[in-house]
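Subject: Structure for you to look at

Hi there,

Here is the structure I promised to pass on. Please have a look at it, and below you will find my notes on what turned up.

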Amino acid sequence: MEDIMFYSQELYLPAGCFDICDNLRPASVLELFQDAAGRHADMLGSGYEDMKAAGKAWVLMRVCYHIDKMPDFGSRVTVSTWPRQGRLDFDRYYMITTPQGEVLVRGSSKWCVIDLASRRLLREPGIIYPGQGRDSADMPSALRLRSPENGEKAGELHALPSRLDHNGHMNNARYADAVQDALAPGETIEDFAICYEHELAPGDCAQVYSCREGASAMVWGVRSDGCECFTARAGIKKP
């Protein structure tokens with residue numbers, strides 16, 4: 001019997017998923033996650049079009065992942081995902097494995113539902129899944145992050161047309177590009193977590209700051225109105 005609460009897709013990892021050292025780019029991992037989540041939400045009757053028709057939208061609050069083993073350049077993988085029933089917010093889990101089942105990447109995310117007209121959180125989102133999903137005991141938790149008090153300027157993040165998604169704001173994976181750009185070229189990220197605080201709308205710009213905390217780098221963005229738009233932590237693999 002098919003488990004409708006579990007979705008998986010086998011695919012090749014294209015060249016664009018990797019950086020100059022053939023390591024998975026954080027943005028590519030998030031894109032794989034969001035594509036699988038979107039396809040599964042469609043199957044469950046809570047996809048983009050279903051939500052739009054009801055005047056609602058999913059909003060990603062935070063996401064994280066851990067790399068157990070770096071996939072090979074151009075390799076074939078299976079991307080799997082499953083959600084867990086929530087009330088105000090909803091957890092979703094991800095796994096990237098080899099076709100033989102070896103775990104490469106484990107991840108999780110937390111979502112909420114907003115009213116499209118007011119852009120406010122819905123306290124009764126009306127999302128009911130036909131089950132609870134699979135066990136998540138071995139999965140990382142997408143926890144809230146706090147930015148440090150001080151950091152060095154690491155760049156700017158502009159909400160250009162090429163970076164927007166169909167919800168009309170900066171796509172979540174583009175923030176991950178800003179995090180990677182704040183690191184030294186070739187550094188291998190094996191743990192990644194990001195929290196989305198305030199959206200970047202078309203034409204917005206954020207100042208990006210970073211600082212090191214041991215083997216991790218903290219990276220965050222501040223809009224021109226002083227609101228933080230994201231906070232991220234990248235765990236760097238030791239050489």
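A definition to start with: the expected span of a helix is 1.5 Å times one less than its number of residues. Please also keep in mind that this is a predicted model.

With that in hand, take helix α1, which covers residues 26-43. From its first C-alpha to its last, this 18-residue helix reaches 26 Å, close to the 26 Å expected at 1.5 Å a residue. After α1 comes Gly45, which has a positive phi near 80 degrees.

Which residues touch the most other members of the largest nonpolar core? They are Leu30 and Phe230, in a core of 56 residues. Helix α1 supplies the largest share of this core, with 7 residues. Another core, of 5 residues, lies apart from it, and among its members are Cys64, Ala142, Leu145 and Ala193. As general background, nonpolar side chains tend to be buried together in soluble globular proteins.

Leu30 is worth a click in the viewer. Setting aside neighbours within four places in sequence, Leu30 contacts Val63, Tyr65, Asn172, Ala173, Ala176, Phe192, Ile194 and Tyr196. Two of these partners also face each other in the strand pairing: Val63 has Ile194 in β7 as its bridge partner.

That brings us to strand β2, residues 56-67, which is mostly covered, with 9 of its 12 residues buried. β2 pairs in the antiparallel sense with strand β5 (residues 103-115) over 11 bridges, and here Ala57 stands opposite Ile114. β2 also pairs with strand β7 (residues 189-196), again in the antiparallel sense, over 5 bridges.

Finally, a word on Tyr7, which sits in strand β1 (residues 7-12). Is Tyr7 buried or exposed? Tyr7 counts as buried because its relative accessibility is 12%, and the cut-off for buried is under 20%. Beyond its neighbours within four places in sequence, Tyr7 is in contact with Ala36, Arg39, His40 and Met43, as well as Val79, Ser80 and Thr81. Tyr7 and Tyr129 are 122 residues apart along the chain, and their C-alpha atoms are separated by 14 Å.

Best wishes

Methods: Residues numbered from 1 in each chain as written. Predicted model: local features only at pLDDT ≥ 70, side-chain atom pairs only at ≥ 80, totals over all residues. Heavy atoms only, no water. Helix = DSSP H or I, 4+ residues; strand = E, 2+ residues; numbered from the N terminus. Buried < 20%, exposed > 50% of the residue type's maximum accessible area, 1.4 Å probe, protein only. Contact = heavy atoms within 4.5 Å. Core = buried A, V, L, I, M, F, W, Y, C linked by side-chain atoms within 4.5 Å. Pairing = 2+ DSSP bridges.
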